[in-house]
Amino acid sequence: MAAPESLSLAQARRVALAAQGFADPPPVGVPTRRHLRRVLDRVGLIQMDSVNVLQRAHYLPLYSRLGPYPTSLLDQAAYRRPRELFEYWGHEASLVPVGLHPLLRWRMARAHSESWGGMRRIAQEQPELVAWVRDEVAARGPLTAAEIEHDAPRETGNWGWNWSAVKRALEFLFWAGEVTAAERSTSFARRYDLPERVLPPAVLAAPTPTDAEAYRALVALAARSLGVAAEPELRDYFRLPLAGARQAVAELAEAGELVPVTVAGWRQPAWLHASARLPRWVRGNTLVSPFDPLVWERARTERLFDFSYRIEIYVPAPQRVYGYYVLPFLQGDRFTARVDLKADRKAGVLLVPAAWIEPGADPGETAVALAAELYRLAGWLGLDAVVPPAAGDLAGPLTAALAGVSGVP
C-alpha cells in the first residue's frame, strides 16, 4: 500500500489484522507445514503458557488463523529435526524461529544482570551448583529438572541448596543460552539439553550481531507483525530495552522502513511498516487466545478495537468480571463477544461458564456465529458437545444458537 499520512480507526484495525495473518485465505484441506510457516512469518513468535484449562496456549494462535489443524505440525517444528523453532524468552516464554537465535544472544549475554532474581542469586552465590547442573545435562541430557534432582548426590547438600535450586540453576542456564529445551514431557516439563545437540549447526555458527543491529532487526520484525503500532508496542513485542528500541525506531524511520502516521483517536504517534497491507475487509469468525500476539499489548487492543481486556486467571474468583479463562471472539474486524471456556476432557464436552456480548454488537447475529465457532473448536479439541453458558448477558441467545447447530462441523 502507498504510505498514507493518516489512518481511520477502521483502517488501522484492518492493517493490524492483515499483519497478523487474519486476512490470509484459509487453508484448503488439512493445514500443512507451509501454512504453519506462513503464520510464523506473520506473527514472528508464539507465546507459551502452562495453563491447560482449554488448550496449551502455544497451539491456539495457529488455530485462530488456520482453523482446525494437527497440533503435531507445531510439535514437529519445535521439537523434531529439522527443527524450525526453539524455546526462549522472546516476548515471554516463547517458541521462536531458529533464525532469530543470533538476534537474541544479547539477552543471553546479560543473564547475570537481567535474569530474574532467583536465577541471578543461584549464579552469583552457588556457581558450583550451576556448573554441576550443566555437567549433568551435558553428560545425560535431555533431562527434566526432576530427573536431575532425583539423581543428585546427597552430599552436595553441603552447598546449602535445596532441590528447587536445581530448577533455578537450569533456568539461569536456559536464559544464558547454555542449555535449551530439547522437548517437553507429557506433564509439559522442559527436557533440557545442550544447544549443539538441539539447534541446527548453521544457526549456532551464524555471526552474532551487535546489540544495535539486533534491536533494529527485532523492532523491524515487530513492526511488520503489528502493521501499525506506537513505539511502546514495538518495544514490547520482544521486550527490548527502552533506549535501544528508540534508537532502532529512529534508524528504521530514517531508512524508510517505518513510516509515521496518525491514527484517529490515538494520542501517541504511530508507525506504519512500509510493507503493511490495507485489505478492503477482514472476513471470518474465530476465537483468540489471551496469549495471542494480536492482544499482547492491552492498551493497543483497547485503542484499536475499543475492547478492554484482562486475563483473570490470577484474580480471586469473587472479583472476576467475566471468568477464569476468557477468549475474545473476533467477528470480521471487531471483537463482538467474549466467552469463558473450559475443556472437560473426561466428559468429552466444551464448557462455556459464561458468555458476554460487546457494546454495539448484534446479540442474535453474534450468537449464531459464535455457536458455530464453539462447535468447530470443540471438534478440534476432540470434544463431542458444547454445554450452553450458565452466565453472562449473551447466555440466552447463545444457548438458543447452540441448540440450532446440528453436529460438529
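Tutor: Strands here are DSSP runs of E with at least two residues, helices are runs of H or I with at least four, and both are numbered from the N terminus. Two strands pair if DSSP finds at least two bridges between them.

Student: Before we apply that, what kind of model is this?

Tutor: This is a predicted model, in which local features need pLDDT of at least 70 and side-chain atom pairs count only at pLDDT 80 or more, while totals for chains, interfaces and linings use all residues. Residues are numbered from 1 along each chain as its sequence is written, and side-chain values use heavy atoms, with hydrogens and water left out.

Student: What is the order of the strands in the open sheet of three strands?

Tutor: The order is S2-S4-S3, with antiparallel pairing. Strands S2 (46-47) and S3 (85-89) are the edge strands, each pairing on one side only. S2 and strand S4 (residues 93-97) run antiparallel and are joined by two bridges, and Ile46 stands opposite Leu95 in S4.

Student: Which strands stand at the edges of the open sheet of four strands, and why is one side of each left without a neighbour?

Tutor: That sheet has the order S1-S8-S9-S7, with mixed pairing. Strand S1 (6-7) and strand S7 (228-230) stand at its edges, and because each has a single partner strand, one side of each is left without a neighbour in the sheet. Elsewhere in this sheet, strand S8 (residues 258-263) and strand S9 (residues 270-273) pair antiparallel over four bridges, with Val259 bridged to Leu272 in S9.

Student: Into which domains is the protein divided?

Tutor: Domain bounds come from an automatic or database domain assignment, and here they give domain 1 (6-101 + 207-273), domain 2 (115-199) and domain 3 (310-404). The C-alpha centres of domain 1 and domain 3 lie 26 Å apart, yet 18 residues of domain 1 are in contact with 19 residues of domain 3 (contact means heavy atoms within 4.5 Å).

Student: Where does the largest pocket lie?

Tutor: A pocket is an open set of points on a 1 Å grid over the protein atoms alone, where a 1.4 Å probe fits, with protein on both sides within 12 Å along at least five of seven lines; lining residues have an atom within 4 Å of a point. The largest pocket has a volume of about 340 Å³, counted as the space filled by probe spheres set on points joined across faces, edges and corners. Of its 19 lining residues, Phe22, Asp24, Arg65, Arg283 and Gly284 are the closest to its centre. Helix H3 (60-66) and strand S10 (285-287) each supply at least two lining residues, and H3 gives the largest share, three residues. Because domain 1 and domain 3 both contribute to this lining, the largest pocket lies between them.

Student: Which residues are the closest to the centre of the second largest pocket?

Tutor: This pocket holds about 240 Å³ of space, and of the 13 residues that line it, the closest to its centre are Tyr59, Asp75, Tyr79, Arg184 and Ser185. H4 and S5 each give two or more lining residues, with the largest share, three residues, coming from H4. Domain 1 and domain 2 both give residues to the lining, so the second largest pocket lies between them.
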